[in-house]
Amino acid sequence: MTEWDGFSERLAEQLTSLAAGSVLILREVGQTGRYAQFLQSEERVEAELVGDHHLDPVLRAGETGCRLIAGAGWRPPEDTVYGHNWWTELPWPSSSVAYRELAGMTVTGLRDGLRIAGPQALVYEAWDGRKGNRLLTLPLLGLTAQG
């Protein structure tokens with residue numbers, strides 16, 4: 001099992017436990033701008049992966065990375081509520097299989113599409129928007145909290 005495989009399993013488990021109003025951002029350490037984010041609402045989980053529009057040219061997924069991201073199941077950036085980001089949604093509640101698929105899509109996007117070396121290069125920010133933006137501790141991720 002690779003570091004990414006273990007992270008994918010932990011991410012899927014953590015996503016299943018988010019309450020409505022929870023926001024989770026996984027971002028690369030530093031100011032690269034590469035990230036994935038999740039918003040849990042009463043009806044769905046909304047997920048985004050940063051699109052090339054927001055990144056410095058050297059950090060962009062490019063044609064090859066975009067093919068990999070799309071192949072993983074992300075919907076392409078378009079002029080919607082998601083702006084220039086890749087996106088997907090899951091109905092809530094969803095099955096554990098659906099959360100594992102979403103976690104796998106996220107790993108493919110970060111690892112293969114955006115070329116992030118490993119989960120050790122990530123930190124997270126999480127809060128509950130319905131409880132005064134109270135910070136959330138998400139130990140299952142195995143990442144350092146920022147924020």
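**Figure 1. D128 sits in strand β5 of a predicted model.** Strands are DSSP runs of E with at least two residues, helices are DSSP runs of H or I with at least four, and both are numbered from the N terminus. D128 is buried, with a relative accessible area of 4%. Buried means under 20% relative accessible area, exposed means over 50%, and partly exposed lies in between (1.4 Å probe, protein chains only). Which residues does D128 touch, not counting those up to four places away in sequence? They are A20, G21, S22, N133, R134 and L136. Touching here is contact, meaning heavy atoms within 4.5 Å. E63 gives a contrasting view: D128 and E63 are 65 residues apart in sequence and 36 Å apart in space, C-alpha to C-alpha.

Two notes on reading the views follow. Residues are numbered from 1 along each chain as its sequence is written, and side-chain values use heavy atoms, with hydrogens and water left out. In this predicted model, local features need pLDDT of at least 70 and side-chain atom pairs count only at pLDDT 80 or more, while totals for chains, interfaces and linings use all residues.

**Figure 2. R134 forms a salt bridge with D128.** A salt bridge is a side-chain nitrogen of Lys or Arg within 4 Å of a carboxyl oxygen of Asp or Glu. For R134 and D128, the closest N and O atoms are 3.9 Å apart. D128 counts as buried, at 4%.

**Figure 3. R34 forms a salt bridge with E28.** The closest N and O atoms of this pair are 2.7 Å apart. R34 has 8% relative accessibility and counts as buried. E28 counts as buried too, at 11%. A search of the whole structure finds eight salt bridges, and the R34 pair with E28 is a salt bridge of this kind.

**Figure 4. R44 and E89 meet in a salt bridge through their side chains.** The N to O distance is 3.7 Å. Where do the partners lie? R44 is in strand β3 (residues 44–49), and E89 is in strand β4. The pair links distant parts of the chain, 45 residues apart. R44 is partly exposed, with a relative accessible area of 30%. E89 is partly exposed as well, at 29% relative accessibility.

**Figure 5. W92 and P93 are joined by a cis peptide bond.** Omega of this bond is near 0 degrees. P93 lies in the loop between β4 (86–91) and α3 (96–113).

**Figure 6. R115 has a positive phi.** Its value is near 60 degrees, in a residue other than glycine. Most residues other than glycine have a negative phi. Where is R115? R115 lies in the loop between α3 and β5 (122–128). At 42% relative accessibility, R115 counts as partly exposed.

**Figure 7. N133 also has a positive phi.** Phi of N133 is near 60 degrees, and N133 is a residue other than glycine. The loop that holds N133 runs between β5 and β6 (134–135). N133 is partly exposed, with a relative accessible area of 49%. N133 is also one of the residues that D128 touches.

**Figure 8. The whole chain holds three helices and seven strands.** In what order do the elements run from the N terminus on? The order is α-β-β-β-α-β-α-β-β-β. The radius of gyration, taken over C-alpha atoms, is 14 Å. The C-alpha atoms fill a box of roughly 40 × 30 × 30 Å, taken along the principal axes. Of the 147 residues, 47% count as buried. Among contacts with a separation of 6 or more, residues 24 or more positions apart account for 59%.

Definitions and conventions: The radius of gyration is taken over C-alpha atoms; the globule rule is 2.2 Å times the number of residues to the power 0.38.
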